[in-house]
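Please look through the sequence and the model below before reading on.

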Amino acid sequence: MRVRYGVGALACLLAVVMAGGAAAQTTGEARIGGKVVDENKKPVQDVVVRATLTGQPRPLQAKTNDKGEWSLNNLAGGTWELEFSKDGYATQKGNVELQADQRITGVEVVMAKPAADPRAAFEEEYKRAVGMMQSRQFAEARQILEGLLAKHPTVFQLHDTIARTYAAEGQVDKALEQSRLAHEKEPQNDTFKVLLGALLLEKGQKDEAEKLLESVDVTKVEDPSAFINLLIHRINDKRTDEAVALAEKLIARFPTDMSLYYYRGRAYLQAKKMVEAKADFEKFVASASPDAPELGDARKLLEQMKDVK
């Protein structure tokens, strides 16, 4: 709090009250008042002024008028803590020493609005972009994200999110470019690895994709999509044991994703484990969504395996 006094008042404010009996009372003959202004010297109305005498629990209270003026009368001598508060402004505090019959009327308090929190502004804009992505307004979301990236170039997550907007539009090359930037900056970030791995698989760069995805702890993954694609590649490449092992990890992590039973069944079928394959296909058919793309194939396979016991 910036407090300014007249020359005559300054010496009084520095005086220390020595009379012990006066500090025990909140009423007396002293008075203090002044004005509250903002940083542009304009008066601030409806500021709550609380004055608390040392040793007394209950404050006295006043409020500024339309000219920013306030006053507290009939105060006892002693040390008073003054607090000035109003929504939208930073609270100001300070101490004043009053003698028993002192009058101080020139106190000017400058109240400033708190500086905007840049982190809060960033989060608000980022949430707005995510909302647009959920509404499939990918170009509009990307424009916001690119604006944030220009202001916050060290927030590497923005590259990853921009990559997702491109991927959702089918612009795989541009998505891959942004995803690589995110991964290069934070190579241990599993979220970045998973997206980059998924994009690399889509581009047919299986070796690099597999290396990335294998370095991710599946038990911490929130979306199995990239790993299901990896599983399909392993089945197609006839890497049966690796396919089964990956399917089992994914089922342990995502036991309600019925498609995983279908793909494990496919891997078992490739391994000539017919009983296990049939059990997985039956589980899939019994619980899968009616519009599951694998449903027709699973039913056809079960028909072919009806004699398997």
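**From a loop residue to the sheet and the helices**

Asp 46 counts as partly exposed because its relative accessibility is 39%, where buried means under 20% relative accessible area, exposed means over 50%, and partly exposed covers what lies in between, computed with a 1.4 Å probe on protein chains only. The model is a predicted one, in which local features need pLDDT of at least 70 and side-chain atom pairs count only at pLDDT 80 or more, while totals for chains, interfaces and linings use all residues. Residues are numbered from 1 along each chain as its sequence is written, and side-chain values use heavy atoms, with hydrogens and water left out.

Asp 46 sits in the loop between strand E2 (27–37) and strand E3, where helices (H or I, at least four residues) and strands (E, at least two) are DSSP runs numbered from the N terminus. The phi of Asp 46 is near 65 degrees, which is a positive value in a residue other than glycine. Asn 74 also has a positive phi without being glycine, with a value near 55 degrees, and Asn 74 is placed in strand E5 (residues 69–75).

The loop that holds Asp 46 leads towards E3, and E3 belongs to an open sheet of 4 strands with the order E4-E3-E6-E7 and antiparallel pairing. Strands of a sheet pair through backbone hydrogen bonds, either parallel or antiparallel; here two strands are taken to pair if DSSP finds at least two bridges between them. The edges are formed by strand E4 (60–63) and strand E7 (92–98), each of which pairs on one side only. On average, and with direction ignored, neighbouring strands of this sheet are turned by 25 degrees against each other.

How many of the 8 residues of strand E6 (residues 78–85) are buried? The count is 6, so E6 is largely enclosed by the rest of the structure. E6 pairs in the antiparallel sense with E7 over 7 bridges, with Gly 94 in E7 as the bridge partner of Leu 82. E6 and E7 form a hairpin with 6 residues between them, and Gly 88 in the turn has a positive phi of about 90 degrees.

The helices come next. Two packed helices are described by the angle between their axes and the distance between the axes; the axes are lines fitted to C-alpha atoms, for helices over the stretch in contact, and angles run from 0 to 180 degrees between N-to-C directions. Helix H3 (residues 138–151) and helix H4 (residues 157–168) pack at an angle of about 160 degrees, with their axes 10 Å apart. H3 and H4 are therefore roughly antiparallel to each other, given that angles under 35 degrees count as roughly parallel, over 145 as roughly antiparallel, 65 to 115 as roughly perpendicular and the rest as oblique. Among the residues that make the contact are Phe 138, Arg 142 and Leu 145 of H3 and Ile 162, Thr 165 and Tyr 166 of H4, where contact means heavy atoms within 4.5 Å.

Arg 142, which is found in helix H3, counts as buried because its relative accessibility is 9%. Arg 142 touches Ile 162, Thr 165, Tyr 166, Glu 169 and Gln 171, not counting residues up to four places away in sequence. The C-alpha atoms of Arg 142 and Thr 165 are separated by 6.5 Å, although these residues are 23 residues apart along the chain.

H4 also meets helix H6 (residues 190–202), and the axes of these helices come within 11 Å and cross at roughly 30 degrees. H4 and H6 are therefore roughly parallel to each other. Gln 157, Asp 160, Ala 163, Arg 164 and Ala 167 in H4 meet Thr 191, Phe 192, Leu 195 and Leu 199 in H6.
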